[in-house]
Amino acid sequence: MEILKIDHLGIAVNSIDDGKNFWSGVLGLRFEGSETVETQKVTTAFFPVGDSEVELLESTSPDGPVAKFIEKKGTGFQHVAFRVANIEEALKELKENGIQLIDQQPRIGAGGAKIAFLHPKATGGVLVELCER
Ligand code: ZN
């Protein structure tokens with residue numbers, strides 16, 4: 001598979017508004033806007049950093065994946081997303097290598113990107129997202 005760059009770092013927060021106080025207010029990152037992805041019960045907010053971005057994730061529901069993550073591990077770093085040239089090809093290669101995936105097929109994430117998550121059990125504990133845009 002061809003990994004092009006780190007697309008973004010996902011950070012779980014209780015509140016995007018509070019998160020903005022640090023990421024924009026203190027660090028001076030530009031807030032690019034937010035988007036709710038209903039299927040994932042999450043609102044995302046993006047802050048470009050050079051060629052990559054910081055993505056804040058706030059759950060829209062107590063039973064959403066981000067709420068569950070925070071319940072288990074607390075707020076903070078949640079996932080790293082690599083931009084790949086071809087996500088279908090990357091998933092096929094991972095499956096052939098017996099890597100456990102959360103998403104067998106790409107789905108549509110924030111910004112219309114095609115995304116898929118690898119299972120943290122297969123990565124040494126890091127939630128890894130692949131994305132193609
Ligand atoms: Zn992400």
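Let me begin with the hairpin of strands S2 and S3: 4 residues lie between the two strands, and Lys41 adopts a positive phi near 50° there. Strands here are DSSP runs of E with at least two residues, helices are runs of H or I with at least four, and both are numbered from the N terminus.

Before I continue, a word on the source. This is a predicted model, in which local features need pLDDT of at least 70 and side-chain atom pairs count only at pLDDT 80 or more, while totals for chains, interfaces and linings use all residues. Residues are numbered from 1 along each chain as its sequence is written, and side-chain values use heavy atoms, with hydrogens and water left out.

Two strands are said to pair if DSSP finds at least two bridges between them. Within this pairing, Ser34 stands opposite Ala45 of S3.

S3 also pairs with S4, again in the antiparallel sense, over 8 bridges. Here Phe47 has Val54 in S4 as its bridge partner. This second hairpin has 2 residues between its strands, and Gly50 in the turn shows a positive phi of about 55°. How many residues of S3 are buried? Of the 8 residues in this strand, which spans 42–49, 7 are buried. Buried means under 20% relative accessible area, exposed means over 50%, and partly exposed lies in between, for a 1.4 Å probe and protein chains only.

I turn now to the metal site. Which residues coordinate the zinc ion? They are His8 through NE2, Glu55 through OE, His79 through NE2 and Glu129 through OE, at 2.1 to 2.4 Å. His8 belongs to strand S1 (residues 3–12) and Glu55 to strand S4 (residues 52–59), so this pair ties together parts that are 47 residues apart in sequence. Donors are N, O and S atoms within 2.8 Å of the metal, or 3.2 Å for Na, K and Ca; water is not among the atoms, so sites may look incomplete. Along the chain, the zinc donors follow the spacing H-x46-E-x23-H-x49-E.

Why is the arrangement irregular? The 4 donor atoms subtend angles of 84 to 171° around the zinc ion, which makes it so. For four donors, tetrahedral requires all angles between 85 and 135 degrees; square planar for four, like octahedral for six, requires opposite donors over 155 degrees apart and all others between 65 and 115; anything else is irregular.

As for accessibility, His8 counts as buried because its relative value is 1%, and Glu55 counts as buried at 6%.
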